[in-house]
Amino acid sequence: AVPTDTIYGIAALASSEAAINAIYDIKKRDHAKPLAVCVADHHDIAKICHTTHLPEGLLKDLLPGPVTIILDRRRDSAKISDALNPGVDALAVRIPDFPFLRAICRQVQTPLALTSANLSGEQSPVHTSEFGHFAA
């Protein structure tokens with residue numbers, strides 16, 4: 001699990017079908033439930049989503065922080081696997097207000113699929129003791 005600005009999460013390369021499938025398997029999550037992604041910086045959002053229709057400065061006013069923006073997904077981006085949310089034209093995007101997670105995104109140079117570190121349907125963990133059973 002990785003810390004974020006809100007909860008503990010599970011993250012994987014959004015460009016990797018195997019990594020995306022692993023998230024679903026670990027969480028016992030229905031593949032029909034979409035995953036969000038996180039990116040490091042504002043300019044990264046335009047690489048994976050259509051943003052030209054947004055008022056200038058909106059993304060910078062809202063992000064980074066505990067906000068998820070839902071935008072139309074760019075299908076021409078190799079940074080997002082087709083296995084991520086197939087059949088869904090929108091993409092939920094975050095820029096966490098947490099330097100560690102943003103540094104990971106910069107290092108791997110791709111968005112991360114990100115979801116809470118809990119079994120699907122359980123409460124989202126805010127303390128490390130709440131996801132210890134995951135490793136068992």
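The model is predicted, so local features need pLDDT of at least 70 and side-chain atom pairs pLDDT 80 or more, while totals for chains, interfaces and linings use all residues. Residues are numbered from 1 along each chain as its sequence is written, and side-chain values use heavy atoms, without hydrogens and water.

Start by selecting Ala 36, Thr 68, Leu 114, Thr 115 and Ser 116, the closest to the centre of the largest pocket among its 21 lining residues. A pocket here is an open set of points on a 1 Å grid over the protein atoms alone, where a 1.4 Å probe fits, with protein on both sides within 12 Å along at least five of seven lines; lining residues have an atom within 4 Å of a point. Its volume is about 320 Å³, taken as the space filled by probe spheres set on the points, which are joined across faces, edges and corners.

Next, show strands S3 (36–38), S5 (90–94) and S6 (112–116), the elements that each give two or more residues to this lining. Strands are DSSP runs of E with at least two residues, helices runs of H or I with at least four, numbered from the N terminus. S5 gives the largest share, four residues.

Move to Pro 64, in the loop between helix H3 (58–62) and strand S4 (69–72). The peptide bond from Leu 63 to Pro 64 is cis, with omega near 0°.

Then select Lys 28, between helix H1 (17–27) and S3, where phi is positive at about 55°. Finish at Asn 85, in the loop between S4 and S5, whose phi is also positive, near 55°.
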